[in-house]
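Me: Got a model open here and I'd like to talk it through. Can you take me round it?

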Amino acid sequence: MRDTRPERSGWRRLLRRGALAAVLVLVAGALFVRSGLYNVAASSDHWPFTTWLIDRVRVHSVDTWSSFVPAPPSLDDADLLALGAAHFEGGCTPCHSRPGDPANAIAAAMLPPPPPLGTVVGSMDAKALFWIVKHGLKYTAMPAWPAQQRDDEVWAVTAFLVRLPELSPRAYRELAGMTRTGQAVQDGAELATGSESVGLTECVRCHGDAETGPLSGYVPVLNAQPRRYLERALAEYADAQRPSGVMQPVATLLTPAERRRLAAWYAGLAAPREDRPDPAPGLVEEGRRLAREGEPGTGLPPCLACHARDHPESFPSLAGQNPEYLLGQLGLFRRGARDGTVHGQIMGVIARRLGDRQAQAAAAYFASLPAGGAPALAEIAP
Amino acid sequence: MRPPGLRRAACILAPVLLAAGCAGVQSALEPAGVEAVHIDRLLRLVTLFLALVFAGVLVATAIALAGPHAWREKLASEHLVVHAGMVFPLVALSVLLGYGIWVMGQGGSAQAGVGLRLDEDIAAAFEALPASGLRIAVTGERWWWRVEYVTADGRRFASANELRLPVGEPVPVLLASADVIHSFWVPKLAGKLDMIPGRVNTLTLEATAPGVSRGQCAEYCGGAHALMSFFVVAMPPAEFAAWLEREAAPAAEPATRAATAGRRLFMTHGCAGCHAIRGTVARGTIGPDLTHVGGRLSLGAGVLPNEPQAMARWIRDTAHVKPENLMPPFAIFTDAELRDLATYLEGLE
């Protein structure tokens, strides 16, 4: 017993000193934090070592986590590209600037400053871009996508970013719809064109006006929609009941009175006529049958039971709508992303009974109709 | 520890309390149909027979343990083993079996459908029945009962979740399924018979007295199986004939402003996509026919009493009233709109 004593006390001494050192470090650390001596000012840079460390962590983190991103949809889709560009103009340029424009002075004073995207994104693959746009980046000012259910929107921005390095400033302006604003003159027109509500992304840029249709198939035609439906949609976006990283930020900027006027303005516009060829043989006909008769065996009611010409004001008109938008929304309904509203809960139940082909057929059928050209309820009854 | 007296009292009381559950609209022990009477008779006979045999065994055991020597001698004889142990069971059980088979023959006869299309199968099965009387088809759906009547004069019309029968007339009821296996069981009227996809079974119901019986799906069929019930109302023949005329007729025009508003809501807000109301543009066949929904005893297949408030609750909150049922929740209506809808639908008698 006695022989082992010195050895044990050596261990003990070491342990005691270690514990003492740990306590001292903690106390010193607490005093340092409490003293406020550390300078959090963004006006001075990090230590070079800190900058290097943050940079390494970020690069490897993006590498690792973006490898779990599912395979992208076709990013060459012109409609996807246009939607991404249009949202970039509204949501991203405040910090990242337009192609060709100098960096915004305020954004340039961030730590770290938003990088010039034209040079950075070229070295990144689509999955990494998607991951950053969807999740944002810690230790930078890059925010996450406001609606995490909307991967479809994130892919649109990704599609745009992939093409960004090769875009001239002129081509960008064209693509983002900036050449489309300015013709609208009517009640609520100033609002829609952005001249009234400061900071509001102009509706017309994406959704068009009396002369032009939406700039992308993924953007809905608002012309001649029921006023109450448009108002409801804006309210649901503003309350985040209907998720969209594109529409939520815009809708929250609007007061209820502005939403009413905007809805009334678009409801009063005539719809631009677009002839859409049948995307696949027989698809429109199949959709027509589904819309008029449904498929009782699988519990599918006719679409026209709710979306006939004489449908209630709070339901959307589907006739003449963009097929890409319709199909995209059906996808959201099927994934439950639109279960946040009482209207969405009804459509969600129905949409989840649709097969892929049926969803395409229904979208193709309604897209093939002229706006306001859906049959009336009495016409479909046999 | 509980005092032994209390435990004994509990032992005596428990069966009495349990027996109280044997009464009511869903009791096989209060038969109100011909087949149920047969089954009840069989049950009583077998129970009595078993009681007598049990008593005999007890007496024999008592003798074996404590009887006089001479009696125990007789008990041990081969004679008794042959007669009481072989001949008696053979004869008694054969007689009972024969009676049981005869009772079974009084009930349903099964016939195979061709299994191509449900509506064609049912139409063919209707054809095969004598055309002179009332015929009914009940199809099990998830989770409700589709009902069709064919009258003696050949009119065919739909109803749902309730059956009405004339007292004293045997009515053939075709039983089919639209999806999974269900089982049709009205204990007060008859034994249960399965509804099997691809087959059409026939059960003959004959009510012996007017009154209400409750039926229940007796084969687990998923989600809302436990809430898949219905009522059968047996009526005196004259009353039934009058009811049948009303039921066969299209829906009445709404009589009040509220009901008119309710009808407009019903037709434009999608209800008509799944439900039919004869005499209107509503021709949906996915959900129950609502032509005379106001005249039924219950809503949602035996789930709620049929009254305006319950109707409003069903429309708005169907997913909570009957979890997993296939109707979407219509929470889009205001309270006033729900009142109008309920007024319209409750008026459809």
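Reply: One term to begin with: the radius of gyration is taken over C-alpha atoms, and the globule rule is 2.2 Å times the number of residues to the power 0.38. This is a predicted model, where local features need pLDDT of at least 70, side-chain atom pairs count only at pLDDT 80 or more, and totals for chains, interfaces and linings use all residues. Residues are numbered from 1 along each chain as its sequence is written, with chains lettered from A and ligands numbered from 1 in the order in which they are written.

Me: OK, what radius of gyration does chain A have?
Reply: Chain A has 27 Å, while a compact globule of 382 residues would be near 21 Å. Its C-alpha trace spans about 105 × 55 × 40 Å along the principal axes.

Me: How many helices and strands in chain A?
Reply: 19 helices and 0 strands, as DSSP runs numbered from the N terminus (helices H or I, at least four residues; strands E, at least two).

Me: Switching topic: which residues have the most contacts inside the largest nonpolar core?
Reply: A:Ala85, A:Phe160, A:Ala362 and A:Phe366, in a core of 161 residues. Such a core is a set of buried Ala, Val, Leu, Ile, Met, Phe, Trp, Tyr and Cys residues joined through C-beta atoms within 7 Å. Buried means 20 or more other C-beta atoms within 10 Å of a residue's own, C-beta atoms being placed from the backbone.

Me: And what share of chain A is buried?
Reply: 40% of the 382 residues.

How values were computed
Buried ≥ 20, exposed ≤ 12 C-beta atoms within 10 Å, placed from the backbone.
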